[in-house]
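This report is for a reader new to the structure. Please look over the sequence and the model before reading on.

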Amino acid sequence: MSASNSDRQPLVDGPRDPEHDPAASYALEPGYVSRLTARILATSGETHEVLSPLDGAPLAHIPQSTDADVEEAFRRARIAQEKWVRTPVAERERLLLRLHDLVLDRQDEILDLIVLESGKARKHAFDEPLHIALTARYYGRTTAKHLASERRPGVIPALTRIDVNHLPKGVVGVISPWNYPFTMALCDGLAALAAGNAVVAKPDAQTMLTALLGAELLEQAGFPKDLWTVVAGPGDKVGTSIIQRADYICFTGSTATGKLIGKQCAERVIGCSLELGGKNAMLVLADADIERAAEGATRAVFSNTGQLCVSIERLYVADEIYDRFVGRFVARTQAMTLGATLAWENDMGSLISQNQLDTTVAHVDDAVAKGARVLAGGKARPDLGPFFYEPTILEGVSPEMTCFGTETFGPVVSVYRVTSEEEAIERANDGEYGLNAAIYSRDTARARTIAARIKSGTVNINEAFAASFASLDAPMGGFRQSGTGRRQGAEGLLRYTETQSVATQRLLRFGPMFGMSDESYAKTMTLALRALKALGRA
Ligand code: NAD
């Protein structure tokens, strides 16, 4: 039973009242877990234990797949895809729009599962069904337009006709992380299905249940059996098995893993999109609305406890407003509420694991030991749950500190004073990443000029990340070490297609005709080339 839907069958036993009880445990009904895990193609007989970060107690045991299971997943997927590619695009769009409605209808169950598996605050979990509904509606309304064949000019005007077609790759492997377990497991795969592909998905081991609920929703929406198969297991085994068989890989995760995957895809000469890490910067210019910038910074730094690829970890603030901005930002941060609950109570939840907590503690402790000042937070909170850490603002961070250039992926930000816009731009472009950036300024035209000089795949003006991420027609992805390829928009769908050019030649053929010598042919063609240039032809 969820906090906001008391009619539904109980899914979870455990504390959900705002008064947190750290001693109590959450438990999923065994029947519910087995209904979801039955979707995994897994015959090893081995299981992997999933814990809930809310209380650190076991939540489920996930069956693990073998290499033979992955082989079988691809065999089934290829059969399903051959039928699917002949399914009219209008029907594919209809199923996506049905998924949109189902996600909104079953929202409470989705939110419960996300919170249980990830430990995030319910309001941050809500971003996930929201994003999947937006994605389903977007591709449900635009796939026919994106996939339509295009006529392009041929070499000989009127006599050479060119049709450019977009054909599906075949079976796409989707390897996804744990931080947005519903969004990341589904969003990229929806575009792959829309383009006429089948998907073999390997979600992260920590958040399999949410990903499996996504697979159940796809089936309920009417997508054919075997078009979306889920396998489970360690990335270096099951992920590698997928890469060895797929026609394209969509990977979201760390830059280190992305590099390994990119190499393996290159060996097989298959394409891949790599959505990787970031160390995203926000610029607060001298003419910024300070309250608005402080609100945006609080959301951008601490959403999903900082475990968000587009979250802000570096803040460059104009000297003129530095003290006022930092005062408001610190006050907002100190007012945030933290806690472990399924209810809509808190401003921030838990980190997902001991690993994430260890990294966060190490980054803050290293910075403090080397002279950084803690303006807010700075401590783990085991009293709230095993992996809680306070929202933390650091000042005086310098290059020898780990968190200066390395992604923390936790609720920690460094604030820096800058004395000019040039300095802000230069420092925002520092480092190896380039995923997202934000600019706060009342002069939006000027901010757009500055945006063109920032080396990142998305730039949000007077917003931190949500405006670009939720605008589904806008491509999203990374410059530099933040990745290659784009999700969302036409680009996010066409990456899963092969572009085919079909040339139809009429009347004249290529080469000498009517007894013409090779030399006369060359002279005629030379004249024709000069004429086409003079006519302005491309
Ligand atoms: P990770 O690279 O450790 O794991 C991501 C996925 O890859 C998991 O499913 C994992 O099992 C699998 N994997 C691990 N090793 C593999 C291998 N050798 N071969 C194949 N698959 C393998 O990443 P993580 O730490 O779980 O996720 C956090 C990172 O993801 C952060 O750096 C974050 O910025 C990034 N991220 C990026 C985006 C984006 O859109 N750019 C979105 C979310 C997260």
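The sections below describe a helix, a set of paired strands and a surface patch in this predicted model.

## Helix α4

Helix α4 covers residues 107–118, 12 residues in total. From its first C-alpha to its last it reaches 16 Å, close to the 16 Å expected at 1.5 Å a residue.

The helix is mostly covered, with 12 of its 12 residues buried. Just after α4 comes glycine 119, with a positive phi of about 80°.

Strand β6 (residues 160–168) is largely enclosed by the rest of the structure, because 7 of its 9 residues are buried. Strand β5 (residues 150–153) runs antiparallel to β6 and is joined to it by 4 bridges. The two strands form a hairpin with 6 residues between them. In the turn, alanine 158 has a positive phi of about 75°.

β6 also pairs with β20, again in the antiparallel sense, over 9 bridges. Isoleucine 162 in β6 has arginine 152 opposite it, and isoleucine 162 also stands opposite alanine 503 in β20.

## A nonpolar surface patch

β20 spans residues 497–505, and the loop between this strand and α18 (518–534) contains leucine 507. Leucine 507 has a relative accessible area of 79%, so it counts as exposed, the cut-off being over 50%.

Together with Leu508 and Phe514, Leu507 forms a nonpolar patch on the surface. The accessible area of these residues together is about 410 Å².

Conventions
Residues are numbered from 1 along each chain as its sequence is written. This is a predicted model: local features need pLDDT of at least 70, side-chain atom pairs count only at pLDDT 80 or more; totals for chains, interfaces and linings use all residues. Side-chain values use heavy atoms; hydrogens and water are left out. Patches are made of residues with over 30% relative accessible area and no salt bridge: like charges are joined within 9 Å, nonpolar side chains (Val, Leu, Ile, Met, Phe, Trp, Tyr) within 5 Å. Accessible areas come from the Shrake-Rupley method with a 1.4 Å probe; for residues, only the protein chains shown count as cover. A salt bridge is a side-chain nitrogen of Lys or Arg within 4 Å of a carboxyl oxygen of Asp or Glu. Buried means under 20% relative accessible area, exposed over 50%, partly exposed in between (1.4 Å probe, protein chains only). The expected span of a helix is 1.5 Å times one less than its number of residues. Two strands pair if DSSP finds at least two bridges between them.
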